[in-house]
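Open the model in your viewer and keep the selection tool at hand. This tour goes stop by stop.

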Amino acid sequence: MEGAAPVADLLITLAFYGIAYGAVLYLLSVGLSVTLGLMRFVNLAHGVFAMAGGYVTVAAMSRAGFPFVPAVLAAAVLVGAFGMLLERALYRRLYAAPILEQVLFSIGLIFVSMAIARYAFGPLAQPIELPAWLSARVNIGIGVFPAYRIFLIGVGALVSLAVWAGVERTRFGASIRAAVDNRRMAESVGINVSRLFTWSFGLGCALAALGGGLGAGLLPIHPGYPNEYLVYVLIVVAVAGLGNIRGALYAALAFGVADTTIRYFLPDLGRVVVLLLVMAVLFRHPHGLAPKTDA
Amino acid sequence: MRTTRALDGLVLAGLAAFPMLAPGSLDLGARMAILVLCAMSLDLLVGYCGLITLGHAAFFGAGAYAAGIFAVRASADPVAGLVVGGAAAALLGLLSGVVLLRSRRLTLIMLSLATVLIVQEAANRWGGVTGGADGLQGIAMSPLLGRFAFDLSGRVAYVYAATTLAFAFLMFRSLVDSRFGQSLVGIRENEARMHALGTPVGARLRTAFVISAALAGVAGALQAQVTEFVALNAVSVEFSGEILIMLILGGAGRRYGAFLGAPVYVFMQDYLAREDPANWYLWIGLMLLAIVFLAPGGLTAGVAAIARRIRGRRS
Amino acid sequence: MTGAALEVRGVSKRFGSLDVARNVQLSLEEGARCALIGPNGAGKTTLVNLISGRLAPTAGEIWMSGRNVTAMPEAARVKAGIGRTFQITNLFRRLTVEENLALAVAEQLGAAGRLWPDRRARASIDGRVAGMLAMLRLTDHAGRRVELLPYGVQRIVELALALALAPKILLLDEPAAGVPRADVGIIFEAIEQLPTSMAVLLIEHDIDVVFRFATRVVVLVAGEVLAEGSPREISEHPQVRALYLGDARHE
């Protein structure tokens, strides 16, 4: 009985850290899931918007003196607007293009963004100054945890709830679901698909920026960001099943917990084991665990 | 058909003539031949099967490590090492192909990235054999065919790499000209219909995947032998991306794409990255955007268009 | 005893809560000329997909010449002798007509897996392709990319691809849909000249064509076989007249 408590504590801690990590991954990937389901666009550059969110957050705090939360919100709005602009100017030209061109375009965008990040901020990771209330440790009943991670989980929960409500309970969401299901049908019932694309793309970018900014203490902001976390974002989207928004939440949380736990117990081989696990899952379910259904 | 045969001859003649044309750059020549071979092997998947992967560095790296470890621990004979490198990569291609080829598009890209990361992590953690982050050192190749020692001028290295590339090209050529190659094109163009023609699509793709992996492994083995070193970043996502970019720059599915793309890429990189690597990222990124919006099909398509125009003017 | 060339035994298919095929029974003897008719949405194409192996049935079995092929994947069923056309043209659009046909012929001759160019195989493939082109009057289009051809010609290529597989059982899903009047003749002429041993299942809306071609007609309504019989029996079947033939006259 004596030994059980520490083990239980450890498992709770691992689950907690895993969920905090999963919450950030969810923010980073939910937009890509929408882009894939809706526009069938393989946007490997989705992480660019998260990185941009991180840099804008850092710049707003250090150069304009914004507090953390307003800085992140400003980043989300700015990056979301920028995403809408890019969608109008470039992305939409490639919706009908072969996947190879979409991939090349997004790799090109990654490179350009990496260069710009290096010119503007240098090659090193940007330190993020968390406010005092996020640097504390808080007892939440099941244990004492860093306030920052509690905050990440809270935001993740709020956003996923908002996304769920937005998709399931609003007209905009109904249009998205209709268009994911059958684009031509959606058009024929008078949904303005082109505007829908722009807005959902922008919202996806804003969420990624939110994840990049909020998660900057977890996933440091540096010029290699879009490449470094690419595979994790892709894992979330692929395991969830392309275009499955709710599945993205479950997949992100599951991956966060699995990754954290396995790496804790197998510090040397953890990464290999996690990736092999992902491969095994997709071998059994090549279309993801819950392929495109009710968004 | 005649043009194709003449161009095939030109490629081989170019490989043979390079030492006369640029006797001072044989090291560079060998490096380019290796990259051409690697990009050409990827062309089989990207250009002919229509499978987009970012995982080719896994096969290149597997070949490099296998040949390097073989040289350190078993035999320093280059040709035997080449076979070992190719076989190791083929085996990896066989295993990963079974998993990867069940998926397409984004999932396939993700799984190919995961393959690279797994091989990279394995090489990193298995330091006692691979040298880990310091890279694999202590490779000392014995003379080629027991007679030609690798020298400082790089002449033997170039001839070795170029000859291997020439053989690989002959194989690649007969493969894409065969009915098998045509059926890969059919799968690329309309996979669903190929099923309805009775094509065992999965088996065809797995075969192509193994061949492609083996060729990439041979390229990796060459690299390990010629430089007598294997760096950990031979297996990296970045290098995978570079191979793809070289191929696209030249033109995928156009037979000669790798021969144009890889050298141009190396020249550009040497020139543009000299001062600041950020410059290089910017230019390569802009170049990709330009290819997508202005010149899909890469250099080969551009050259072909110019050739058509000249021919049109003549007739 | 080998049984009928094709036997559909109590096949059902469900998509969610929607029954698109309900306990369908169908049997084609060698050399059969059978037409499958029914209103739009009756599940005719679904049935073709179930027979060809593109879809797996929720219940029931498919047999070919006394062999249960229900679990056999699509490509293997083609090798076993089922060929089909698609209602919506499904071709290799960026390849030429010749290349399209060569893909099918090479597969049929078992030469498509060859890893190096083979002159003898090539000669026999080219010969077969040329024969098909001539038979379907496609020779003039041989070197043109399919996507550049008029839709009517594309439909003929669609038929040619299925014929190139030399199937024992041929499923034709509205082969003349979208073909201009002037070219319809080429398609039905080719269908009338099919080898007499081949079992043919034709989905077609034009009742005149159906009655001229078929010795047997199956009427599918809402995923169920409503009636089956000779063209005469079907034309006199009161429910069919009410449900289907009446509609067709109005169209």
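How many bridges join strand S9 (residues 216-221) of chain C to strand S10 (residues 224-229) of chain C? Five, and the two strands run antiparallel. The model is predicted: local features need pLDDT of at least 70, side-chain atom pairs count only at pLDDT 80 or more, and totals for chains, interfaces and linings use all residues. Residues are numbered from 1 along each chain as its sequence is written, while chains are lettered from A and ligands numbered from 1 in the order in which they are written.

**Stop 1: the hairpin in chain C**

Strands here are DSSP runs of E, at least two residues long; helices are DSSP runs of H or I, at least four residues long; both are numbered from the N terminus. Two strands pair if DSSP finds at least two bridges between them. Select C:Val221; C:Glu224 in S10(C) stands opposite. Two residues lie between the strands of this hairpin, and C:Ala222 takes a positive phi near 50° there. Most residues other than glycine have a negative phi.

**Stop 2: the open sheet in chain C**

Now select the strands S2, S1, S4 and S5 of chain C. They form an open sheet in the order S2-S1-S4-S5, with antiparallel pairing. Strand S2 (18-28) and strand S5 (67-68) stand at the edges; each has a single partner strand, so one side of each is left without a neighbour in the sheet. Zoom in on strand S1 (residues 6-15) of chain C: seven bridges join S1(C) to S2(C), and the two run antiparallel. Pick C:Val11 and look across to its bridge partner in S2(C), C:Val24.

**Stop 3: two loops**

Select C:Ala166. It lies in the loop between helix H5 (151-164) and strand S7 (169-173) of chain C. C:Ala166 is not a glycine, yet its phi is positive, about 45°. A residue is buried if 20 or more other C-beta atoms, placed from the backbone, lie within 10 Å of its own C-beta; it is exposed if 12 or fewer do, and partly exposed in between. C:Ala166 has 16 such atoms within 10 Å, so it is partly exposed.

Move to B:Glu228. This residue is in the loop between helix H10 (201-227) and helix H11 (237-250) of chain B. B:Glu228 also has a positive phi, about 50°, although it is not a glycine. It has 17 C-beta neighbours inside 10 Å and therefore counts as partly exposed.

**Stop 4: chain A as a whole**

Of its 295 residues, 52% count as buried.

Select helix H12 (residues 245-265) of chain A. Its 21 residues should span 30 Å at 1.5 Å a residue, and its end C-alpha atoms are 31 Å apart, which agrees. The expected span is 1.5 Å times one less than the number of residues. Buried residues of H12(A) include A:Ile245, A:Leu249, A:Leu253 and A:Phe255.

Next, find A:Ala50 in helix H2 (residues 46-64) of chain A. Is A:Ala50 buried or exposed? Buried, because it has 32 C-beta neighbours inside 10 Å. Two residues are in contact if their C-beta atoms, placed from the backbone, lie within 7 Å. Beyond its neighbours within four places in sequence, A:Ala50 is in contact with A:Leu28, A:Ala208, A:Ala209, A:Gly211 and A:Gly212.

**Stop 5: where the chains meet**

Show everything again. Which chains share the most contacts? Of the two pairs of chains in contact, the answer is A and B. Here 36 residues of chain A are in contact with 33 residues of chain B. H4(A) gives the largest share of chain A's side, 15 residues. That side has 30 nonpolar, two polar and four charged residues. Ala, Val, Leu, Ile, Met, Phe, Trp, Tyr, Cys and Pro count as nonpolar, Asp, Glu, Lys and Arg as charged, and the others, Gly among them, as polar.

Turn to the other pair: 20 residues of chain B meet 25 residues of chain C. H8(B) gives the largest share of chain B's side, six residues. Finish with chains A and C, which do not touch; their nearest C-alpha atoms are 12 Å apart.
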